[in-house]
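This note sets out points for a colleague who is reading the model alongside the sequence.

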Amino acid sequence: MNRLWHNARLMTLEGRGLGIIEDGAVACEGGIITYAGPRAGAPSAAETIDCEGRWISPGLIDCHTHLVYAGNRAREFELQLEGASYEEIARAGGGIVSTMKATRAASEDDLIAASLPRLDALIAEGVTTVEIKSGYGLSLDAERRQLRAARRLGAERDMAVTTTFLGAHALPPEFTDRDAYVAHVCDVMLPALATEGLVDAVDAFCEGIGFSPDQVARVFEAARTLGLPVKLHAEQLSDLGGAALAARHGALSADHLEHLNETGIAAMAASGTVAVLLPGAFYFTHEEKRPPVAALLVHGVPIALATDCNPGTSPLTSPLLAMNMAATLFRLTVDECITGFTREAARALGRSDIGTLAPGKACDLAIWDIGEPAELVYRMGFNPLHARIWRGQ
């Protein structure tokens, strides 16, 4: 059935900025947008929906999450409040490895049950596409359960899920040599999971408590052999040149980037690698060094935003709050915050079929009870979503 939403104000996200159309309409057929523009030029439709002057944006896209995991790290949060650093907690056996233990002990059904409330929170704020990383299993069987659970979440809810293999997230306790574990990731885990159709992209954690640039490069080469795109956790705690490495490998994105330098920025600009900023993690871990937003903008590096939903450094399931954090902590504008969760987030996932309102794009919409776009960024703890449309429904 073809549908038409009319009497609406549109944020099309086409071109630069928000691409606003004051008196607009969106039409779709078969879950695909057939028209997005002024109401006067809209086609007829079998079903029409009067939006009563509300705003329509593309459905939000959360392009960096670790949504599927078991357990929580509330005690570690207490330790941080008492003065312990994230690195100290990790080296003492906490951090990623503590979540790994809980996740390994969970069945696939357990992971689904634990993750659905987090997914529902994203849905309630207009998210229609979410990226979900593995990386809390750190063994073939446990990583498989995480990725299978991520795939199932997309079937349990009206949500597009893209999966990312993050086997190179931390060193599991059964390995004492990082090079040996990287070889296991590249030669055993990744090929098996890719063959099973569970992997859309490959990620790694390039950091002193994670993996070196040389080790990450080996993971990227293995991904290239399998025809899989790559992305990278880079420059979160220190500058190891991860962003430049990611750019050399044509990465979709480099994420975090608090310690990003000019060389990395220039490399990202040249390669088209998207900068994914994660204000929830910056806020939660009490970071003080902000990502170099002004330099990224000068070089024309696209900036996306995401919740980084995870149990240890960003237990956040609110893209609206993430927008507010990006504005207040990183000084992004309203337009930059909204584009960061729509057009640029789609680019960070390598998706050309979502993120804007235009013919041929998926009809994923968020309809907002707001007077102006700034309200999406300005308000805290308030959700003005009127309706969420996924694939025209």
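The points below run from the overall fold to individual elements and residues.

1. Basis of the note. This is a predicted model, in which local features need pLDDT of at least 70 and side-chain atom pairs count only at pLDDT 80 or more, while totals for chains, interfaces and linings use all residues. Residues are numbered from 1 along each chain as its sequence is written, and side-chain values use heavy atoms, with hydrogens and water left out.

2. Overall fold. The protein chain has 15 helices and 15 strands; helices (H or I, at least four residues) and strands (E, at least two) are DSSP runs, numbered from the N terminus. The C-alpha trace spans about 65 × 40 × 40 Å along its principal axes.

3. Of the 393 residues, 59% are buried, where buried means under 20% relative accessible area, exposed over 50% and partly exposed in between (1.4 Å probe, protein chains only). Among contacts (heavy atoms within 4.5 Å) between residues at least 6 apart in sequence, 72% join residues at least 24 apart.

4. Helix 9. In helix 9 (residues 262-271), the buried residues are G264, I265 and M268. Seen down the helix axis, these buried residues fall within an arc of 100 degrees, so they line one face of helix 9; the arc is that of the directions from the helix axis to the C-beta atoms. They pack against helix 8 (242-248), strand 11 (253-256), strand 12 (274-277) and helix 11 (293-298). The face turned away from the buried side carries the exposed residues T263 and A270.

5. Ends of helix 9. At the start of helix 9, a side-chain oxygen of N261 comes within 3.1 Å of the backbone nitrogen of T263. Just after helix 9, G272 has a positive phi of about 80 degrees.

6. Strand 12. V276 is found in strand 12 and counts as buried, at 1% relative accessibility. Leaving aside neighbours within four places in sequence, V276 has contacts that include C63, H64, S253, A304 and A348.

7. Aromatic pairs. The structure holds 5 aromatic pairs; rings of Phe, Tyr and Trp (its six-membered ring) pair if their centres lie within 6.5 Å, and planes under 30 degrees apart count as stacked, over 60 as edge-to-face and the rest as tilted. The ring centres of F282 and F330 are 5.1 Å apart and the planes are at 75 degrees, so this pair is edge-to-face. Because F282 lies in helix 10 (residues 279-284) and F330 in helix 12 (residues 319-330), the pair ties together parts that are 48 residues apart in sequence. F282 is buried at 5% relative accessible area, and F330 is buried at 5%. Elsewhere, ring pairs link F175, Y181 and F211 into a cluster.

8. Charges over rings. R178 lies over the face of F211, 5.6 Å from the ring centre, and R379 lies over the face of F382, at 4.3 Å. The criterion is NZ of Lys or CZ of Arg within 6 Å of the ring centre and within 35 degrees of the ring normal.

9. D308, which is not a glycine, has a positive phi of about 55 degrees. D308 lies in the loop between strand 13 (303-305) and helix 12 and is buried, at 1% relative accessible area. R331, also not a glycine, has a positive phi of about 65 degrees. R331 is placed in the loop between helix 12 and helix 13 (334-340) and counts as exposed, at 61% relative accessibility.

Terms used: Polar contact = N/O pair within 3.5 Å; in protein donor to acceptor, adjacent residues only side chain to side chain.
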